[in-house]
Every structure is written in structure tokens, then in C-alpha cells.
Amino acid sequence: MTASKDMTLPKERVGSHGADELPVPKKAFSTDNPIEIFQFAIDAVDKGFKLALCTLVEIRGGSSRPLGAHMAVADNGSYCGYVSGGCTEAAVAAEALQAISAGHDRFVMLGEGSPFFDIVLPCGGGITVAIHILRNVTPLSSVVGSVNARQNASLSYCPAKEALSFGAVGTATGWDDEVFKTLYRPAVRIVLSGRELEVEMTSKVAKAAGYDVILHSLEDRSFDASVIDENTAVVLLQHDLDQEMALLTAALGAQPFYIGALGSARTHERRVQRLQQEGHSNEVVGQIKAPIGLFGRARDAQSLALSVIAEIAACRQAALPRH
């Protein structure tokens, strides 16, 4: 979607500040995880490098990255992160190096609507990136600390003051008057319980997707519900209602964004009846995704794992605020 804003900082053409004297941009590693990007920035500053934080603040038409996507660029040319699909990052890094050299923040426009760049984005749209010369890593450290403690966090960028601050959590990423706010959430946590092979394969796929996995033993008839938060998915991969009941009851009493349970439609009918008999309302019981998974009946562990993680990813995406 488009987030229009009157950009008041200079919009510069790449190469306008003696780019031959600046380092050649080089990607340090591939990531679009803001916490990893911030840690790269913090480490670079700690080692004595100057650094620019680049943030996607406007989308015109289509975009391969969401508002708030970041890059971090050190003054030795090393960078990480993405503000597009990989086709413009080197150009943004080059512009960030020029901004560091000049000592002032700026905006860079690429693709559709840009008066400065002859770069066509594959998506056919256009983007604007704010380049901020990082003068204080404390806001980034605060976000990293909060997210690692499984708390939501946000940054507020004020172009007029060329200032970045750790701000109150809002409802969406985007412009709030003259300030651009970016929201950050903890990684998805998956609480996983079930039969050995299915759990093992689903755990592998979840970890490959960057999710935090907690395994619940079938022998444990109790469960600590404090590990379940709004960024948690609860996955039950067993047919035995007695074995799943402790975790399922804990999940229904918490507020995970996803609860999924294995079993046929008939098994789920028995599950619903039992939960209703225990006093759970139809609204609460209706939170359960069953039969579990995004596609069909998966009869092997690999297909089941992909189906479950795909459904969790879809539910997570649907739960995020739109902007």
C-alpha cells in the first residue's frame, strides 16, 4: 500500500558527492531480520565505524518489502538488510555512504516517481528510503533488548531533527504527522506437542523459518501457560485427547494468535464436546484450527510439517496491522 509524505530532507543523486572517493558497498551477510540488522549496526559503532540506518518510509505502487524495512550501512562500505528485492540495495548503500560523508540525513527515491534515479523496480512501483546518520545506538539497543525479552517495541524517526528515539508502541508502522514510526514484534514462538516423528519434522521446519520452538512432553500433564503470549502458536500433533488436554486448556486460557490440533473432523467433534463440557464457550473453542494445516490431509511427516508451518505463517500475516 502507499504511504505518502512530503519529504523535506535533500533528495540526492547517487554519485553527486564524489563517490569515487568512497568505499565500494559490499554486503556483509543476507538478512531482513531487524534485530540482526540492529545488532550489526551496534557492533559496527562499538568498533568505531560511522553508520547509517536506512528505512523504507514510502511505497508507491508495489514493493517487495514492507514499510519499515531496514538496511544498515557502515562507513567502510559493509552493509546488511533489504529495502527492496535486492536490486537496489547497493545503490542505497552508496547513497548512505555519501550521506555519512556529508554528515546529514537525506531521503532517496527509487523507481516510479523518482526524479533522480533511472532504476526500474521489478515490481513496477517506487519507494522512498530515509537515510539516518546514527549518532546514538541506545534506541536500537532498547529495541533489541525489548524484542529479545518478547516485548513489542518501536522506533520514532523525526526527519526535521535528524533524530531517532525509542518510542511508545503504536498500532501500525507508518507516518504519524512528521514522525515515522516502525513497530517490532518478537519472533514467532511455537509450542509443540505430539508424536515423535511429526514433532521432530515440524520443529526442524519451524526453526528453519526463524521461529522459536518450545517442546512439550506428552508425559507432562501440566503446562506453564506463561510461555504463551500474543506472538505464540500452539501446535498439538497427537490424536489422544487425554494427552493434549493440559496444553490445550492452557492455550485456550491464554492469548496465542494460533491454536492448531491434529485429527479428523470426527476427532475434532469429540474435542469440542469435551471442551464444552468443561465449560469453554463456543467462541473460545472456535479458536482451534482443526483439522490442522493449510492444505489437505497430510499423511507423511514432511507434508504435515510444511502444512502446519504454512498455516501458522498465514495466520501470523493476517494478524499483523495493515498500513
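Mentor: We'll talk through a sheet, some helix pairs, a salt bridge and a surface patch.

Trainee: Before we start, what kind of model is this?
Mentor: This is a predicted model, so keep that in mind throughout.

Trainee: Okay. In what order do the strands run in the open sheet?
Mentor: The order is β8-β7-β10-β9, so 4 strands in an open sheet, with antiparallel pairing.

Trainee: And which strands stand at the edges?
Mentor: Those are β8, residues 163-167, and β9, residues 174-176. Each has a single partner strand, so one side of each has no neighbour in the sheet.

Trainee: How much are neighbouring strands turned against each other?
Mentor: On average by 30°, if you ignore direction.

Trainee: How many bridges are there between β7 and β10?
Mentor: There are 5 bridges, joining β7 (residues 153-158) to β10 (residues 179-184) in the antiparallel sense.

Trainee: Which residue in β10 is the bridge partner of Tyr157?
Mentor: Look for Phe180; that is where Tyr157 finds its bridge partner in β10.

Trainee: Switching to helices: at what angle do α4 and α8 pack?
Mentor: At about 50°, and their axes are 8 Å apart; α4 covers residues 196-208. That angle makes α4 oblique to α8. The crossing of these two helices, α4 and α8, is right-handed.

Trainee: How about α5 and α6, where do their axes come within 12 Å, and at what angle do they cross?
Mentor: The axes of α5 (residues 241-253) and α6 (residues 265-277) come within 12 Å and cross at roughly 60°. So α5 is oblique to α6 as well. α5 passes α6 in a right-handed crossing.

Trainee: New topic. How many salt bridges does a search of the whole structure find?
Mentor: It finds 13. One of them pairs Arg150 with Asp229, with the closest N and O atoms 2.9 Å apart.

Trainee: Which parts does that pair tie together?
Mentor: Arg150 sits in the loop between α3 (138-148) and β7, while Asp229 belongs to the loop between β12 (212-216) and β13 (232-237). The pair therefore ties together parts that are 79 residues apart in sequence.

Trainee: Last one: which residues make the nonpolar surface patch?
Mentor: Leu294, Phe295 and Leu306 make the patch, which is about 300 Å².

Trainee: In which helix is Leu306 found?
Mentor: In α8, residues 301-319.

Methods:
Residues are numbered from 1 along each chain as its sequence is written. This is a predicted model: local features need pLDDT of at least 70, side-chain atom pairs count only at pLDDT 80 or more; totals for chains, interfaces and linings use all residues. Side-chain values use heavy atoms; hydrogens and water are left out. Patches are made of residues with over 30% relative accessible area and no salt bridge: like charges are joined within 9 Å, nonpolar side chains (Val, Leu, Ile, Met, Phe, Trp, Tyr) within 5 Å. Accessible areas come from the Shrake-Rupley method with a 1.4 Å probe; for residues, only the protein chains shown count as cover. A salt bridge is a side-chain nitrogen of Lys or Arg within 4 Å of a carboxyl oxygen of Asp or Glu. Two strands pair if DSSP finds at least two bridges between them. Axes are lines fitted to C-alpha atoms, for helices over the stretch in contact, and angles run from 0 to 180 degrees between N-to-C directions. Angles under 35 degrees count as roughly parallel, over 145 as roughly antiparallel, 65 to 115 as roughly perpendicular and the rest as oblique. A crossing is left-handed if the near helix is turned anticlockwise from the far one by less than a right angle, and right-handed if clockwise.
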